[in-house]
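Subject: Structure handover

Hello,

Here is the structure we talked about. Please look it over, then read the notes below.

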Amino acid sequence: FPNNKASYYLMGRVWFRGENQKRAYKYFSKAGLEWVSGDGAFEFGVAAYTAGQCGKAIKAFKRLPVKHPNRTLAYFYVGVCYIKARRWAQAEKFLQGAVNLPGTFSQTRNELLSEVRKRLNQQLHGQAPRPVPYRPITPMPYYFPAVQPVPLPQTVPPGPPPKPEPEFDTG
């Protein structure tokens with residue numbers, strides 16, 4: 001196998017399509033972020049997230065084009081990365097932007113958003129937050145059908161309207 005960044009990038013995409021995100025991340029990381037754009041940015045981000053590399057996942061999702069069909073799913077992953085880092089305000093911002101999610105992602109997003117809002121409220125009132133229970137979120141296969149929006153349950157207080165295209169914070 002040649003020591004060529006373009007080859008590593010393509011191998012990463014092949015392994016991602018084969019639903020082996022950890023191996024895909026290995027090759028994507030050898031290629032580097034400079035090779036990532038479009039669909040590859042989404043694939044690199046999901047692979048990095050699956051490998052537990054949230055910082056790299058956020059950087060990859062940052063390279064995703066604004067009109068990319070998986071942009072809201074990328075917002076979901078970025079929101080979860082911020083939850084793992086206990087950055088509640090950023091997590092809320094990205095989870096609010098994650099709308100029209102496929103399958104169980106929508107229900108998970110609503111549950112996470114509710115928990116994040118509890119954490120923000122606890123911070124505001126100086127209460128010590130309880131540890132966040134870890135529930136791994138398995139990425140879905142790359143291609144999925146479009147779904148209809150799911151309204152938020154009545155138990156979650158409505159937040160402010162989503163802001164246009166938040167900036168990705170990699171710090």
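Where is the place of Ala-41? Ala-41 sits in helix 3. Helices here (H or I, at least four residues) and strands (E, at least two) are DSSP runs, numbered from the N terminus.

Two points on the basis. This is a predicted model: local features need pLDDT of at least 70, side-chain atom pairs count only at pLDDT 80 or more, and totals for chains, interfaces and linings use all residues. Residues are numbered from 1 along each chain as its sequence is written, and side-chain values use heavy atoms, with hydrogens and water left out.

**Overall**

The protein chain has 7 helices and 0 strands. Along the sequence the pattern reads α-α-α-α-α-α-α. The chain holds 171 residues, and 43% of them count as buried. Buried means under 20% relative accessible area, exposed means over 50%, and partly exposed is in between (1.4 Å probe, protein chains only). Take the contacts with a separation of 6 or more: residues 24 or more positions apart account for 62% of them. Contact means heavy atoms within 4.5 Å.

**The core**

The largest nonpolar core has 44 residues. Such a core is a set of buried Ala, Val, Leu, Ile, Met, Phe, Trp, Tyr and Cys residues joined through side-chain atoms within 4.5 Å. Phe-44, Phe-61 and Phe-76 touch the most other members. Two or more residues each come from helix 1 (5–17), helix 2 (21–31), helix 3, helix 4, helix 5, helix 6 (88–97) and helix 7 (105–124). Helix 5 gives the largest share, 10 residues.

**Ala-41**

Back to helix 3. Ala-41 is buried, at 0% relative accessibility. Not counting residues up to four places away in sequence, Ala-41 touches Val-36, Ala-60, Phe-61, Arg-63 and Leu-64. Ala-41 and Lys-59 are 18 residues apart in sequence. In space they are 8.9 Å apart, C-alpha to C-alpha.

**Helix 4**

Which residues of helix 4 are buried? In this helix (residues 54–62) they are Cys-54, Ala-57, Ile-58, Ala-60 and Phe-61. Seen down the helix axis, they fall within an arc of 165°, so they line one face of helix 4. The arc is that of the directions from the helix axis to the C-beta atoms. Their cover includes helix 3 (39–50) and helix 5 (71–84).

**Helix 2 and its partners**

Helix 2 has these buried residues: Gln-21, Ala-24, Tyr-25, Tyr-27, Phe-28 and Ala-31. They pack against helix 1, helix 3 and helix 4. After helix 2 comes Gly-32, with a positive phi near 90°.

How do helix 2 and helix 3 pack, and at what angle? The angle is about 115°, and the axes are 8 Å apart. Axes are lines fitted to C-alpha atoms, for helices over the stretch in contact, and angles run from 0 to 180 degrees between N-to-C directions. The crossing is left-handed. That term applies if the near helix is turned anticlockwise from the far one by less than a right angle; clockwise is right-handed.

Helix 2 brings Gln-21, Lys-22, Ala-24, Tyr-25, Phe-28 and Ser-29 to the contact. Helix 3 brings Gly-40, Glu-43, Phe-44, Val-46, Ala-47, Ala-48 and Thr-50. By class, the contact has 7 nonpolar, 4 polar and 2 charged residues. Ala, Val, Leu, Ile, Met, Phe, Trp, Tyr, Cys and Pro count as nonpolar, Asp, Glu, Lys and Arg as charged, and the others, Gly among them, as polar.

Tyr-25 lies in helix 2. Tyr-25 is buried, with a relative accessible area of 13%. Leaving aside neighbours within four places in sequence, Tyr-25 is in contact with Phe-44, Ala-47, Ala-48, Ala-51, Gln-53 and Lys-56. Tyr-25 and Tyr-9 are 16 residues apart in sequence and 9.5 Å apart in space, C-alpha to C-alpha.

**Loops**

His-68 is in the loop between helix 4 and helix 5. His-68 is buried, at 9% relative accessible area. Beyond its neighbours within four places in sequence, His-68 contacts Gly-38, Asp-39 and Phe-42.

Most residues other than glycine have a negative phi. Arg-86 has a positive phi, near 60°. Arg-86 lies in the loop between helix 5 and helix 6 and is partly exposed, at 45% relative accessibility. Asn-100 also has a positive phi, about 55°. Asn-100 lies in the loop between helix 6 and helix 7 and is partly exposed at 43%.

Best regards
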